[in-house]
Amino acid sequence: MTASRRPILELPDELISQIAAGEVVERPASVVRELLDNALDAGATQITLRLLAGGVRLISVEDDGAGIPADEMATALRRHATSKIASLAELEAVGTMGFRGEALAAINSIAEVSLLSRAGGQSSAHLLDGRTGEMKPVARAQGTTVEVKELFFSVPARRKFLKTDATELAHCIEAVRRHALARPDVGFA
Ligand SMILES: Nc1ncnc2c1ncn2[C@@H]1O[C@H](COP(=O)(O)OP(=O)(O)OP(=O)(O)O)[C@@H](O)[C@H]1O
Ligand SMILES: [Mg+2]
């Protein structure tokens, strides 16, 4: 190609996140897998999943796990932020499904995310809007609910590659089935 060359520029942070999200989230079922992994890592014994339109309109995963303290909720949505490892030694001995600190940040860059959580020992739950960063106290028992709405709303090129709602739903159900089979000690609804 002989086109005049363009200068090398560093990409803006939001675009970096959206590109990185392509590695984590291919379709709604990828989101289901990541949220179920997180619930299991948090020690959930009961997980409730809700889907609308094959997960494109809504994916909601509610668990009764350890929860996230209010002052760490915003950090949970940031890239490379994790409670699961803090060193190379811990990476080599990792016992959780997640450890990259990527999933929630990736999902939050390509969908409308809200995080509702109450950690053990906290007097109330908090609801965090992933877009505005606004946080308010709400009622909830210990555990976490992650809601993901309008997947790929900001990335129409990705949305175009989604199959029918029925096909996406089938992939989501398969993801749940695999998790449920692997963990008979955890209730899935
Ligand atoms: N359902 C949940 N219950 C309790 N804590 C959660 C839950 N989901 C996320 N978290 C917290 O938010 C952090 C970020 O989650 P995220 O999925 O982005 O990263 P990760 O699980 O650490 O790594 P990975 O990107 O490999 O999934 C987690 O490390 C965990 O501390
Ligand atoms: Mg995770």
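A pocket, as the word is used here, is an open set of grid points with protein on both sides within 12 Å along at least five of seven lines, and its lining residues have an atom within 4 Å of a point. Keep that in mind as you look at this model, which is predicted.

Start with the largest pocket. It is lined by 34 residues, and N38, I68, S83, K84 and L104 are the ones nearest its centre. The space inside comes to about 740 Å³. What kinds of residues make up the lining of the largest pocket? There are 16 nonpolar, 9 polar and 9 charged ones.

Now look at which parts of the chain build that lining. At least two residues each come from α2, β2 (58-63), α3 (73-76), α5 and β6 (143-149). Of these, α2 gives the most to the lining, with 6 residues.

So what's in there? Ligand 1 sits in the largest pocket. Two elements give two or more residues to the shell around ligand 1: α2 (28-41) and α5 (103-110). Here too α2 gives the most, this time with 3 residues. The whole shell has 20 residues, and T82, S83, K84, R100 and E102 come nearest to ligand 1. Sorted by class, the shell around ligand 1 holds 8 nonpolar, 7 polar and 5 charged residues.

Let's zoom in on some atoms. A polar atom in the side chain of S83 lies 2.5 Å from an oxygen atom of ligand 1. Over at D63, an N or O atom of the side chain is 2.8 Å from a nitrogen atom of the ligand. With G101 it's the backbone that takes part: one of its polar atoms is 2.9 Å from an oxygen atom of ligand 1. How much of ligand 1 does the protein cover? On its own, ligand 1 has 600 Å² of accessible area, and the protein covers 93% of it.

Before you leave, have a look at the second largest pocket. It holds about 450 Å³ of space. Its lining has 17 residues, with E14, S17, A105, N108 and S109 nearest the centre. Both α1 (13-24) and α5 supply at least two residues of this lining. By class, the second largest pocket is lined by 6 nonpolar, 6 polar and 5 charged residues.

Note on methods
Residues numbered from 1 in each chain as written. Chains lettered and ligands numbered in written order. Predicted model: local features only at pLDDT ≥ 70, side-chain atom pairs only at ≥ 80, totals over all residues. Heavy atoms only, no water. Near = heavy atom within 4 Å. Polar contact = N/O pair within 3.5 Å; in protein donor to acceptor, adjacent residues only side chain to side chain. Areas by Shrake-Rupley, 256 points an atom, 1.4 Å probe, with all protein chains shown as cover. 1 Å grid on protein atoms, 1.4 Å probe; cavity = no way out; pocket = protein on both sides within 12 Å on 5 of 7 lines; lining within 4 Å. Sits in = over half its atoms within 2 Å of the grid points. Helix = DSSP H or I, 4+ residues; strand = E, 2+ residues; numbered from the N terminus. Nonpolar A, V, L, I, M, F, W, Y, C, P; charged D, E, K, R; others polar. Points joined across faces, edges and corners; volume = space filled by probe spheres on them.
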